[in-house]
Amino acid sequence: MLFQPDPVKNRPKILVILHQEHSSPGRVGQELVKRGFALDIRKPRFGDSLPETMEQHAGAVIFGGPMSANDPDAFVQKEIDWINVPLREQKPFLGICLGAQMMVKTLGGTVSGHGDGLVEIGYYPLRPTETGDALMDWPNKVYQWHREGFDLPKGSELLATSPTYPNQAIRHGPAAYGIQFHPELTHQMMVKWTTKGAPRMELPGAQQRRDHFAGRFVYDPAVRKWLDRFLDLWIGTAAAPVEHSLLKAAE
């Protein structure tokens, strides 16, 4: 009998870091799998280790969670310290919401709440900077679920902004991105978040549950299109991965 290699086992792996027991990488995970990657899902909060090098991974994504990048928990600091690995090796890294805030902390920046106590929970405007506009088209509104934001670390480029939390998308070096919003959101995730997180919709600036679902109907097609284009630029496909370089980042 001929040996048949396991096609999934041999796929390039994306390291996925999640923060809750039943968290999902959502649409980002689905799209990466469609592009030929395998997902190596780890949860340091529950004892999973993180690799000392990115040699066995094509890229890494740290997702969001209800905790703060300022929390003293050991796993939070462990992840913040670990982000130095993909940054140092210039391997594709994406931080989403909490993941972006962790990257900013790694780079010496700060994470804090809005001066007036405002949150973004629901759909809010997004505007690309000149640098961001040159990269791709951006959606007019994106889904948010956060009560803290981040500043712009030294050496990072601002790609998109918004009125309430001005730093919405950043790039550092050739292949590291941080975004405050949630392109990974599926309909099922919205149902879960707006149910379990219902009390947060009473915070200043938050939108009501019905507006979340109405907004998704209107704005999600553009977010889906943006995600596809972003993944083209950030990671490519398993068969044709993006070759990042410092020169490309400076263009």
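1. In helix H1 the residues that lie buried are Gly26, Arg27, Val28, Gly29, Glu31 and Leu32. The model is a predicted one, and the points that follow should be read with that in mind. The buried residues of H1 pack against several elements, namely strand S1 (13-17), strand S2 (38-42), strand S3 (59-62), strand S4, helix H6 and helix H7. Just after H1 comes Gly36, which takes a positive phi of about 100 degrees.

2. One of the partners of H1 is H7, and the geometry of this pair can be stated in some detail. H1 and H7 pack with their axes 11 Å apart, at an angle of about 45 degrees. That angle makes H1 oblique to H7, and the crossing of the two helices is right-handed. On the side of H1 the contact involves Arg27, Val28, Glu31 and Leu32, and these meet Arg216, Asp220, Val223, Arg224, Leu227, Leu231 and Trp234 in H7. Sorted by class, the contact of H1 with H7 contains six nonpolar and five charged residues, with no polar ones.

3. Helix H6 (residues 187-196) has Met189, Met190 and Thr194 among its residues, and these three are buried. They lie on the same side of H6, because they cover an arc of only 120 degrees around the axis. On the face of H6 turned away from this buried side, a reader will find the exposed residues Gln188 and Lys196. The buried residues of H6 pack against helix H1 (26-34), strand S6 (120-125), strand S8 (141-146) and helix H7 (209-234).

4. H6 contributes His187, Met190, Val191, Thr194 and Thr195 to the contact, while H7 contributes Arg209, His212, Phe213 and Arg216. The residues of this contact of H6 with H7 divide into three nonpolar, four polar and two charged. A student comparing the lists may note that Arg216 of H7 is named in the contact with H6 and is also named in the contact with H1.

5. Helix H4 is mostly covered, with eight of its nine residues buried. The buried residues in question are Leu98, Gly99, Ala100, Gln101, Met102, Met103, Val104 and Thr106. After H4 comes Gly108, whose phi is positive and near 90 degrees.

6. H4 also packs with another helix, H2. Helix H2 (residues 74-82) and helix H4 (residues 98-106) pack at an angle of about 65 degrees, and their axes are 8 Å apart. That makes H2 roughly perpendicular to H4, and H2 passes H4 in a right-handed crossing. In this contact Val76, Glu79 and Ile80 of H2 meet Met102, Lys105 and Thr106 of H4. By class, the contact of H2 with H4 has three nonpolar residues, one polar residue and two charged residues. Of the H4 residues in this contact, Met102 and Thr106 are named, and both are listed among the buried residues of H4.

7. Gln90 has a phi near 55 degrees, a positive value in a residue that is not glycine, and Gln90 is found in the loop between helix H3 (84-89) and strand S4 (93-96). Gln90 counts as partly exposed, because its relative accessibility is 35%. Cys97 likewise has a positive phi of about 55 degrees although it is not a glycine, and its place is in the loop between S4 and H4. Cys97 is buried, with a relative accessible area of 5%, which means that it falls under the 20% cut-off for buried residues.

8. Gly117 lies in the loop between strand S5 (111-112) and S6, and Gly117 is partly exposed, with a relative accessible area of 39%. Although Gly117 and Gly205 are 88 residues apart in sequence, they are 8.5 Å apart in space, taken from C-alpha to C-alpha.

Key: Residues numbered from 1 in each chain as written. Predicted model: local features only at pLDDT ≥ 70, side-chain atom pairs only at ≥ 80, totals over all residues. Heavy atoms only, no water. Axes fitted to C-alpha atoms, helices over the stretch in contact; angles between N-to-C directions. Helix = DSSP H or I, 4+ residues; strand = E, 2+ residues; numbered from the N terminus. Parallel < 35°, antiparallel > 145°, perpendicular 65-115°, else oblique. Left-handed = near helix turned anticlockwise from the far one by under 90°. Contact = heavy atoms within 4.5 Å. Nonpolar A, V, L, I, M, F, W, Y, C, P; charged D, E, K, R; others polar. Buried < 20%, exposed > 50% of the residue type's maximum accessible area, 1.4 Å probe, protein only. Arc of directions from axis to C-beta.
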